[in-house]
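Here is a short report on one protein model. Keep the sequence and the 3D view open while you read.

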Amino acid sequence: MPAKSSISLLSAVVLVGCAPLPAVSPPRPEIAKTALQQILAATAGDPAFTRAAWPERAWWRAFDDKALDALVEMALRDSPTLATAQARIDRARQAAHLVELESGIRYNSDATVVRQHLSENGLFPPPMGGSTLNEGDISVGAAYAFDWWGKNRALLRSAVGESRAAEAERSAAELALGGEVADAYFDWQDVVARSKLARQTVDKRRMVLRLAGSRLKRGIDSALPSSQMEVLLAEEQDKLKDLETQSRILRDRLAALTGNGPDWAAGLDEPVLTPAAPFPLPQKLPLDWLAQRPDLVALKWRAEAAAQRIEGARADFYPNVDLRLLLGLQSIDLGNWLTAKSWYGSFGPAVHIPLFNVRTLRTNLGMREAEYAAAAAQYNLALIVAASQVADALARVSALDARERLQLSATVSAERAQHLQAQRFASGLSDRLPLLDGEIAALAQHARESKLQADRKRAMAALFVALGGGHESNRE
């Protein structure tokens with residue numbers, strides 16, 4: 001057949017062989033957009049917040065705590081969680097590379113040597129029939145698919161989207177891991193500080209019990225005060241034991257988060273609790289701030305990848321043309337196998353016609369549409385949850401800041417009362433018992449202050465995580 005006629009016939013087959021797309025496609029859900037400009041601007045005047053340069057990827061350095069810096073950096077370097085995330089990134093990148101290779105020229109080669117006996121009643125008559133021969137075949141082929149309808153391009157964009165989603169998920173894992181380390185570290189700071197205060201309180205309670213026992217022996221008091229003091233001492237000792245247990249548990253938690261065992265935790269130096277500075281809000285508030293959070297970026301990339309798979313499924317409704325080339329050497333006599341007379345070859349187009357596979361194609365397209373709808377819905381839901389997390393964290397930081405200011409006043413008042421009791425004791429206007437009660441009351445206020453300071457730091461860390469750490473590091 002002349003080349004011109006062959007091309008005309010092929011073009012007619014391509015046009016006639018198209019499968020009809022669905023007359024009506026379901027509406028695609030939109031990706032939601034949200035901004036934090038209003039909610040962040042509303043809190044900018046709160047004493048708990050201050051306008052400052054927004055921290056970069058290492059957001060935990062805003063707390064200016066060298067021990068915390070070392071723990072977070074160790075966790076990000078050695079954690080098995082991040083190793084798993086990196087493996088997913090490598091797998092996604094290889095998948096994208098494989099799709100890229102499949103979109104270009106595909107090569108294959110085969111070589112076989114077969115010893116076979118031919119039937120005398122078969123295709124070849126004697127003397128060839130009934131003989132035993134050694135057949136050799138070696139071939140090299142190449143094929144190229146014309147991407148007329150954009151299927152390969154769509155699949156490649158989908159694979160790249162999955163790869164970028166995996167990278168964003170690793171950033172999200174880093175962010176979450178840093179938040180876990182900061183939360184455990186600040187909790188441990190508080191427990192250590194309250195343990196020291198609890199030991200002082202136990203000592204004071206023992207002194208009070210001795211005074212009550214002395215008053216009982218001298219007949220000044222009945223046995224009731226001594227019994228009451230014993231109960232209060234036991235309660236304080238129980239609190240101390242509980243705090244010491246919490247301290248060990250938090251050490252082990254930090255060890256696990258940083259990729260170490262419990263023995264490593266025993267060598268950690270006890271931290272010192274310091275007041276937290278106001279939370280630094282950024283000077284500029286980009287409209288797409290929350291959308292840059294790495295877990296949301298990952299979900300958005302997955303939705304984009306799902307959308308590209310829809311385009312690939314739509315391209316399946318059109319004929320696919322492969323251009324194929326095959327060259328080889330074949331001989332039933334191995335002695336003549338590698339000679340010029342043994343060569344064979346073929347060249348030409350191969351057309352895949354989808355006309356008779358309409359139901360399968362429409363089902364596949366429907367599945368891809370559903371995948372995208374699910375991915376978009378998951379992103380939109382995650383965006384709402386993330387906005388709620390930011391609002392809750394902002395409210396918690398603000399509330400804890402106000403409570404901390406009130407607690408500072410209460411602590412000052414308790415110390416003033418203790419000082420007055422000390423003056424009365426020194427002047428001989430009272431015995432030692434009211435002084436010890438005042439000291440115990442002041443220690444209790446310091447314990448509450450320590451708890452609020454740590455809770456506020458933990459809330460600040462949660463807000464950093466809810467906002468995505470640092471927006472510059474999350475741009476994908």
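How many nonpolar, polar and charged residues are in the lining of the largest pocket? The lining has 7 nonpolar, 2 polar and 6 charged residues. Here Ala, Val, Leu, Ile, Met, Phe, Trp, Tyr, Cys and Pro count as nonpolar; Asp, Glu, Lys and Arg count as charged; the others, Gly among them, count as polar.

This is a predicted model, in which local features need pLDDT of at least 70 and side-chain atom pairs count only at pLDDT 80 or more, while totals for chains, interfaces and linings use all residues. Residues are numbered from 1 along each chain as its sequence is written, and side-chain values use heavy atoms, with hydrogens and water left out.

## The largest pocket

The largest pocket has a volume of about 370 Å³. Of its 15 lining residues, E236, K239, L443, A444 and A447 are the closest to the centre. Helices and strands are DSSP runs numbered from the N terminus (helices: H or I, at least four residues; strands: E, at least two). On that basis, α5 (151-217), α6 (223-257) and α10 each supply at least two residues of the lining.

A pocket is an open set of points on a 1 Å grid over the protein atoms alone, where a 1.4 Å probe fits, with protein on both sides within 12 Å along at least five of seven lines; lining residues have an atom within 4 Å of a point. Grid points are joined across faces, edges and corners, and the volume is the space filled by probe spheres set on the points.

## Aromatic residues

The whole structure holds 7 aromatic pairs. One of them joins F279 and F464. Their centres are 4.7 Å apart, with 45 degrees between the planes, and the pair is tilted. Rings of Phe, Tyr and Trp (its six-membered ring) pair if their centres lie within 6.5 Å; planes under 30 degrees apart count as stacked, over 60 as edge-to-face and the rest as tilted.

This pair links distant parts of the chain. F279 sits in strand β4 (residues 279-282) and F464 in helix α10 (residues 432-467), 185 residues apart. F279 is buried, at 0% relative accessible area. F464 is buried too, at 1%. Buried means under 20% relative accessible area, exposed over 50%, and partly exposed in between (1.4 Å probe, protein chains only).

## Polar contacts of buried side chains

Q407 is found in helix α9 (residues 358-426). Q407 counts as buried because its relative accessibility is 10%. Its side chain makes a polar contact with the side chain of Q445, at 2.7 Å. A polar contact is a pair of N or O atoms within 3.5 Å; within protein, one must be able to donate a hydrogen and the other to accept it, and residues adjacent in sequence count only if both atoms are side-chain atoms.

S158 lies in helix α5. S158 is buried as well, at 5% relative accessible area. The side chains of S158 and R309 are joined by a polar contact of 3.1 Å.

## Residues far apart in sequence

| Pair | Apart in sequence | C-alpha to C-alpha |
|---|---|---|
| L467 and Q389 | 78 residues | 8.7 Å |
| A291 and G468 | 177 residues | 9.1 Å |
| I39 and V390 | 351 residues | 9.0 Å |

L467 is in helix α10 and is buried, at 2% relative accessibility. A291 is in the loop between β4 and α8 (294-315). I39 is in helix α2 (residues 37-43). I39 is partly exposed, with a relative accessible area of 27%.

What do these residues touch? Contact means heavy atoms within 4.5 Å. Leaving aside neighbours within four places in sequence, L467 is in contact with L36, W54, F279, W289, R293 and V390.

## A positive phi

D64 lies in the loop between β1 (49-52) and α3 (66-78). Its phi is near 55 degrees, a positive value in a residue other than glycine. D64 counts as exposed, at 64% relative accessibility.
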